[in-house]
Amino acid sequence: MTELRYLAPNSLDEAIKAFVAAGSAGRILAGGTDLLVQMRAGVVKPGLIVDIKKISEMTTIEETADGGFRVGAAVSGMALHDHPRFGKVWPGVLEAVNLIGSKQVQGRASAGGNLCNGSPAGDSVPAMVAAGAIVTIQGPDGRRELPVEQVPAGPGRTNLKPGEIVVSFALPPRPKGSSDAYLRMIPRTEMDIAVVGLGVSLTLKDGVCTAARVGLGAVAPTVLLVESAARALIGSKLDDAALNAAAAACSAACRPIDDKRGTIAYRTKVAGVLLKRTTAIAAKRAEGN
Amino acid sequence: MAKVHVTTTINGEPSEFLCEPNDTMLDALRGPLGLTGSKEGCASGDCGACSITVDDNLVCSCLMLAVESEGHQLRTIEGMAQGDKLHPLQQKFLEMAALQCGICTSGMLVASDALLKRNPKPSEEEVRFWLAGNLCRCTGYDKIVRAVMDTAAEMRAQ
């Protein structure tokens, strides 16, 4: 049995150096709500755990001068909830992050971990996709940026290269008349894995939708950016014809599995229903902005 | 495995212990630290019986490595009563029989206390959502929710 070592470096450079040196035996620890369960179950047996919570860039929420936000990848859901401004500007992203697990889990779990865990049903991911979040990644070859929808590669897999760490999410400034929303379908009211999850971010001007993005989760091997649904909304007054077209686009984008939580037919139908409901919430919020 | 030396603060008292790098905080509490009030129900973050606070943040101690507690302020169920004087939540849980077997109780109390510190006047819905990560297989939750609501009302009146 390999010996487990624990490191909690203060700098990203130090973290990456250790992470690279450990190779496939290295694991990044943010909130640990996935990692510790996997270790306990014997699914992963890391030789090195790199705790990134002492790196300030990864645990801070910054409102940038242009009105955007930079959220450290290891910021917990509870810290995001407690930020005085974030939930006012990005209520959909916040409600998605705050659907991850219990209050205890939210005290530790992060959007960065949710993304890197690679689950197609991760709640924060469709909302981040809808928000147009850009992920900053740092590795042995320096920094790069990726749209959040390009990070997942399949269930439990990401497009991160060896030694790379997700550092932060950058959310763009919001034009007037913008808001977002996230809904997930589960068979109970709390603490379950999404059967379908859907995020919508949009901008309204004089009642006309001028910009929209739709993120769709739990219906394909990765969370999807559904551009065809957004195109159906943009230019419309979010009338029935536009909503029906966008809902149909979401259903058409589905490539789900059958499992105990939902059948293929059910997930495909619910994706369209959620598009309509989520858009209505986002539009109502946008009217007030 | 080489043991790691950890220095932390538990219930206001400076504390140090030795642990393996892969020990959970719950392992350390119940083992070397002898604080067995936090219970292991599921060991996977589902049941909340091991709830503690870290820097006033409610967490499952089974989902935290013991080594992560270095330099932080932890509070466990053992820090809830002041000597022989029970915390109002503990007193109310007894009066209203909000427990049966008791395995979930310390986690319920720690989580409820964390709620009332953030929100002294929670609605019933807020209590139920807040405690969704604390499973009880005996009471059916109703007595627990009522005890938390009653305690909140009494604490506000004081």
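**Ground rules**

I am working from a prediction, where local features need pLDDT of at least 70, side-chain atom pairs count only at pLDDT 80 or more, and totals for chains, interfaces and linings use all residues. Residues are numbered from 1 along each chain as its sequence is written, while chains are lettered from A and ligands numbered from 1 in the order in which they are written.

**Entry 1: the sheet in chain A**

I began with an open sheet of three strands in chain A, in the order β1-β3-β2 with parallel pairing. For the names, helices (H or I, at least four residues) and strands (E, at least two) are DSSP runs, numbered from the N terminus. Two strands count as paired if DSSP finds at least two bridges between them. I noted β1 (5-7) and β2 (26-29) of chain A as the edge strands, each pairing on one side only. From one strand to the next, the twist averages 20°. As a reminder to myself, strands of a sheet pair through backbone hydrogen bonds, either parallel or antiparallel.

Next I checked one pair: β2(A) is joined to β3 (residues 48-51) of chain A by four bridges, and the two run parallel. Within that pairing, Ile28(A) has Val50(A) as its bridge partner in β3(A).

Which helix lies across β1, β2 and β3 of chain A? I found α1 (residues 12-22) of chain A there, running at about 160° to β3(A). Such angles run from 0 to 180 degrees between N-to-C directions, with axes as lines fitted to C-alpha atoms, for helices over the stretch in contact.

**Entry 2: two domains in chain A**

I looked up the domains of chain A and got domain 1 (5-171) and domain 2 (178-287); such bounds come from an automatic or database domain assignment. Their C-alpha centres lie 24 Å apart. The contact between them takes 25 residues from domain 1 and 26 residues from domain 2 of chain A. Contact here means that the C-beta atoms of two residues, placed from the backbone, lie within 7 Å.

On the side of domain 1 that touches domain 2, the elements giving two or more residues are α6 (91-97), α9 and β8 (152-154) of chain A. The largest share, six residues, comes from α9(A). By class, I read 16 nonpolar, six polar and three charged residues on that side of domain 1. The classes put Ala, Val, Leu, Ile, Met, Phe, Trp, Tyr, Cys and Pro as nonpolar, Asp, Glu, Lys and Arg as charged, and the others, Gly among them, as polar.

**Entry 3: helix α9(A)**

Among the buried residues I listed Ser124(A), Pro126(A), Met128(A) and Ala131(A). After α9(A) comes Gly132(A), with a positive phi near 75°.

**Entry 4: Gly139(A)**

I then moved to Gly139(A), in strand β6 (residues 134-139) of chain A. Gly139(A) is partly exposed, with 17 other C-beta atoms within 10 Å. Leaving aside neighbours within four places in sequence, Gly139(A) touches Ile16(A), Lys161(A), Gly163(A), Glu164(A) and Ile165(A).

**Entry 5: where the chains meet**

How many residues does each chain give to the contact? I got 24 residues from chain B and 21 residues from chain A. On the chain B side, β4 (57-60) and α4 (124-130) are the elements that give two or more residues. The largest share, four residues, comes from β4(B). By class, this side of chain B has 15 nonpolar, eight polar and one charged residues.

**Entry 6: loops of chain B**

Ala43(B) has a positive phi near 60°, though not a glycine, and sits in the loop between α1 (25-30) and β3 (51-54) of chain B. Ala43(B) counts as partly exposed because it has 19 C-beta neighbours inside 10 Å.

Ala97(B), also not a glycine, has a positive phi of about 55°. I placed Ala97(B) in the loop between α2 and α3 (105-118) of chain B, and with 11 C-beta neighbours inside 10 Å, this residue counts as exposed.

Conventions. A residue is buried if 20 or more other C-beta atoms lie within 10 Å of its own, exposed if 12 or fewer, and partly exposed in between; C-beta atoms are placed from the backbone.
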